[in-house]
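Please look over the structure shown here before reading on. The briefing that follows takes it topic by topic.

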Amino acid sequence: MVKGLTLVNTGPGKGKTTAALGLVARALGHGQKVAFIQFIKCQETGESQFLADLAKDRAENFFFCRHGQGFVGRNPSQADRELAEEGLRQAEALAADYDLLVLDEINVALSLGLLDPAAVASFIQNRPLALNLVLTGRGCPANIIDLADTVTEMTDVKHAFRAGIPARPGVDY
Ligand code: ATP
Ligand code: MG
């Protein structure tokens with residue numbers, strides 16, 4: 001059996017979630033089973049609509065769920081912590097049944113202290129051997145970077161938002 005890889009998309013630049021969505025397309029194209037769990041975020045986006053539809057149409061090989069209630073400030077609530085912990089438990093429950101598991105924005109949950117980095121590290125180390133795992137979000141902690149096989153740091157060279165261009169459907173959400 002080929003050992004699965006752990007990939008991290010982090011950094012302040014745009015493209016962390018969109019790159020993970022690209023891997024979803026790639027894995028599904030190979031007939032692999034894919035699960036996508038999103039932490040923190042809850043707003044409707046093009047991808048949340050698309051992934052929810054895909055999960056309905058192709059329930060046998062694609063799973064999608066969200067464990068967030070939107071923006072989390074500097075003082076997260078107990079509900080924020082519980083939701084993030086639920087997301088991690090969901091990941092543990094699904095891991096054995098999928099080829100690719102995306103934990104979108106989990107790095108943000110870690111950097112805000114909603115999840116224990118040691119618990120996520122233990123999940124990575126004890127996951128089923130063949131599972132490919134993707135963790136996205138800015139602020140990935142060092143212990144997770146140490147465990148990952150491929151780490152991409154998106155650099156914020158320029159972002160249209162800073163030129164006063166508001167977020168656009170199909171590009172930003
Ligand atoms: P995307 O979902 O576009 O791949 P991302 O996952 O790298 O972005 P997030 O931190 O999850 O980045 O933020 C998602 C939203 O924030 C998107 O609308 C994206 O365009 C916007 N965004 C990402 N990076 C920046 C930035 N450096 N400045 C302003 N807005 C940003
Ligand atoms: Mg993102």
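Helices (H or I, at least four residues) and strands (E, at least two) are DSSP runs, numbered from the N terminus. This is a predicted model, in which local features need pLDDT of at least 70 and side-chain atom pairs count only at pLDDT 80 or more, while totals for chains, interfaces and linings use all residues. Residues are numbered from 1 along each chain as its sequence is written, chains are lettered from A and ligands numbered from 1 in the order in which they are written, and side-chain values use heavy atoms, with hydrogens and water left out.

**The magnesium site**

- Thr-17, through OG1, and Glu-105, through OE, coordinate the magnesium ion (ligand 2) at 2.0 to 2.1 Å; donors are N, O and S atoms within 2.8 Å of the metal (3.2 Å for Na, K and Ca), and sites may look incomplete as water is not among the atoms.
- Because Thr-17 lies in helix α1 (residues 16–29) and Glu-105 in the loop between β4 (100–104) and α4 (106–111), the pair ties together parts that are 88 residues apart in sequence.
- Thr-17 is buried, with a relative accessible area of 12%, and Glu-105 is also buried, at 7% relative accessibility; buried means under 20% relative accessible area, exposed over 50%, and partly exposed in between (1.4 Å probe, protein chains only).
- The phi angle of Glu-105 is near 65°, which is a positive value in a residue other than glycine.

**Helix α1**

- Helix α1 has 14 residues and reaches 20 Å from its first C-alpha to its last, close to the 20 Å expected at 1.5 Å a residue, where the expected span is 1.5 Å times one less than the number of residues.
- The buried residues of α1 are Lys-16, Thr-17, Ala-20, Leu-21, Val-24, Ala-27 and Leu-28.
- Seen down the axis of α1, these buried residues fall within an arc of 135°, so they line one face of the helix; the arc is that of the directions from the helix axis to the C-beta atoms.
- On the other side of α1, Ala-25, Arg-26 and Gly-29 are exposed.

**The largest pocket**

- The largest pocket has a volume of about 960 Å³, and of the 30 residues that line this pocket, the closest to its centre are Thr-17, Lys-41, Glu-105, Arg-138 and Asp-172.
- On a 1 Å grid over the protein atoms alone, a pocket is an open set of points with protein on both sides within 12 Å along at least five of seven lines, a cavity is a set where a 1.4 Å probe fits but cannot get out, and lining residues have an atom within 4 Å of a point.
- Grid points are joined across faces, edges and corners, and a volume is the space filled by probe spheres set on the points.
- The largest share of the lining of the largest pocket, four residues, comes from α1.

**The largest cavity and Ile-40**

- The count comes to one cavity of 30 Å³ or more, and the largest cavity has a volume of about 50 Å³.
- Among the residues that line the largest cavity are Ile-40, His-67, Asp-80 and Leu-114, and helix α3 (residues 78–94) gives the largest share of this lining, three residues.
- Ile-40 has its place in the loop between β2 and α2 (46–57), where Ile-40 is buried with a relative accessible area of 11%.
- Phi of Ile-40 is near 65°, a positive value in a residue other than glycine.
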